[in-house]
Amino acid sequence: MKKGFMFFALAALAMASCNGGFKQAPGGLLYNIHTDKEGATIKEGDFLAVNVITKNDADSVLSSTYDAGNSAPVLMQKPQAKGDIYAALQLLSEGDSATIKMNIDSVFPKGQRPPQLKGKYLVYEMKVEKVIAKGKLSDQVFQGRISEYFKKQGEELKKREPVLMAKYIADNNLKVSKTASGLNYVITKQGSGPQIIEGDTAVVNYTGRLLSGKVFDTSVKEVAEKEKIANPMRKYEPIRVPVGSAGIIKGWADALVLLNKGAKGTFVIPSSLAYGEQGSPNVIPPFSPLAFEIEVVDVVKPKAGAAPVAPAPAPAKK
């Protein structure tokens, strides 16, 4: 792969000794290429799939595509500024891995740095899994190749689901039962009173996880703080879920009717009962089985002639 960009070669050599092996590109971008495969570097217009772990310079992980179990798709753009993420990607080709450091103050406009983001640098551990070069391909042929890539990825993810679910169940020592729909469940605490039925409103606390173990949503403040996903604008409290509503995922509908007031359960939900092949943008990848811990705080029976309660947003069907 050709990475001999003459206009920054001397600067890179000069900075290598004082940046722990990192070289410097224009705009203050620091990079260290660990795996350097043969092949053309990424160019504007190319499609690529990249796995990325994003950290601050204190080595705290902010996000990771590995948690989702699926690489991030990127349509390569022209760098918008010296030293931005697209400038970094221009240094790489398919199969390459690298560590990229970007000055946080250059990433966020003045005054817009998130208050919880400490340190000087954002650090990206990147691996380029796939590149589909645009080159002289017509738009139709190019889009066809991208569609074929996504189709193959979807097939692989779908095949992997049963394995992921079995591993999560084994790793967490869950003695599950299984419904006819494919929902795996364990009732971890028995409640009292009759089981929930369609038409009831369940008042619940919940925590949702990807099968990597990463929490993607919760109604419990302590869990959100522990997992470092707490949103200061959100009020953490039990949510009201109209059971049987078309607005919630099928896995929740099947889970809630297994519970009663005071009950707790752990539910491992296949993607067919969750967000399916579409996933939920930026949160849940396609074909992702999910695990939910649900506690029923209260059960509200419908009043005669009462209007239905609006569905809760957390487990909403997409």
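Predicted model: local features only at pLDDT ≥ 70, side-chain atom pairs only at ≥ 80, totals over all residues.

Visitor: How many bridges join S10 to S14, and which way do they run?

Guide: Ten bridges, and S10 and S14 (residues 290-300) run antiparallel. Strands here are DSSP runs (E, at least two residues), as helices are (H or I, at least four), numbered from the N terminus. Two strands pair if DSSP finds at least two bridges between them.

Visitor: What is the bridge partner of Thr-207 in S11?

Guide: Thr-218. S10 and S11 (residues 215-218) pair in the antiparallel sense over three bridges. The two form a hairpin with four residues between them, and Gly-213 in the turn has a positive phi of about 100 degrees.

Visitor: And S12, how many bridges there?

Guide: Four bridges join S10 to S12 (residues 239-242), again antiparallel. Val-204 has Ile-239 as its partner in S12.

Visitor: Is S10 mostly covered or open?

Guide: Mostly covered: ten of its ten residues are buried (under 20% relative accessible area; exposed is over 50%, partly exposed in between, with a 1.4 Å probe and protein chains only). In a regular strand the side chains alternate between the two faces of the sheet. Both faces of S10 are covered, with Thr-207 among the buried residues on one side and Val-204 among those on the other.

Visitor: Which residues have the most contacts inside the largest nonpolar core?

Guide: Val-204, Trp-252, Phe-292 and Ile-294, in a core of 29 residues. A nonpolar core is a set of buried Ala, Val, Leu, Ile, Met, Phe, Trp, Tyr and Cys residues joined through side-chain atoms within 4.5 Å. S10, S12, helix H7 (250-256), strand S13 (264-269) and S14 each supply at least two of its residues.

Visitor: Different topic. Where does Asp-200 lie, and is it buried or exposed?

Guide: Asp-200 lies in the loop between S9 (184-189) and S10. It counts as buried because its relative accessibility is 1%. Its side chain makes a polar contact with the side chain of Lys-301 (2.8 Å); such a contact is a pair of N or O atoms within 3.5 Å, and within protein one must be able to donate a hydrogen and the other to accept it, while residues adjacent in sequence count only if both atoms are side-chain atoms.

Technical notes
Residues numbered from 1 in each chain as written. Heavy atoms only, no water.
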